[in-house]
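Have a look at the picture first, then read on.

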Amino acid sequence: ENVIYMLINKSKKQFYIGEANNLIQRFSNGNYEQKWEFYRYDKLPKLLENIRLELERSLISSFSSIIANNEDINSMNISKYTLVNKKIDK
C-alpha cells in the first residue's frame, strides 16, 4: 500500500512510472495489458500518502527531461529507453 512504482519493458525499451494506494489491486484489475519484464516499487511512509500523486508527477517530469518520451518534451535523451507515461507536466 501507498507506493510509487516503475515498470520496464526491456524488449521494447519502455519505461513507466506510476503510483498506487494498493499495488496488488492495481495490477490484478487488468490495467496493465503490456508485458513488463521488470518492476520496482517504493513503499512510502504513511505521512506521505496525501502527496503520493504529486511525488509521482514530479518523478515523471524529472525523467521526461532526461530520457525520450512520447509527449514531445525536450529531453537529454541519455538512454535508449522511452518514458511512456501519457500525463507529463510541462
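Predicted model: local features only at pLDDT ≥ 70, side-chain atom pairs only at ≥ 80, totals over all residues.

Let's start with the largest nonpolar core, which is made up of eleven residues: Ile4, Met6, Ile8, Phe15, Ile17, Leu44, Ile60, Ile67, Ile73, Leu83 and Ile88.

What is phenylalanine 15 in contact with, leaving aside its neighbours within four places in sequence? The list runs to Met6, Leu7, Ile8, Trp36, Phe63, Ile67, Thr82, Leu83, Val84 and Asn85.

Now for the rings. The structure holds five aromatic pairs, and here are two of them:

| Pair | Distance of centres | Angle of planes | Kind |
|---|---|---|---|
| Phe15 and Phe63 | 5.0 Å | 50° | tilted |
| Tyr16 and Trp36 | 6.2 Å | 40° | tilted |

Phenylalanine 15 sits in strand β2 and phenylalanine 63 in helix α2 (residues 52-64), so their pair ties together parts that are 48 residues apart in sequence. Phenylalanine 15 is buried, at 8% relative accessible area, whereas phenylalanine 63 is partly exposed, at 23%.

The other pair links distant parts of the chain too: tyrosine 16 is in strand β2 and tryptophan 36 in the loop between α1 (23-28) and β3 (38-43), 20 residues apart. Tryptophan 36 has a relative accessible area of 19%, and since buried means under 20%, tryptophan 36 counts as buried. Ring pairs also link Tyr5, Tyr16, Phe27 and Trp36 into a cluster.

Terms used:
Residues numbered from 1 in each chain as written. Heavy atoms only, no water. Core = buried A, V, L, I, M, F, W, Y, C linked by side-chain atoms within 4.5 Å. Buried < 20%, exposed > 50% of the residue type's maximum accessible area, 1.4 Å probe, protein only. Contact = heavy atoms within 4.5 Å. Phe/Tyr/Trp six-rings, centres within 6.5 Å; stacked < 30°, edge-to-face > 60°. Helix = DSSP H or I, 4+ residues; strand = E, 2+ residues; numbered from the N terminus.
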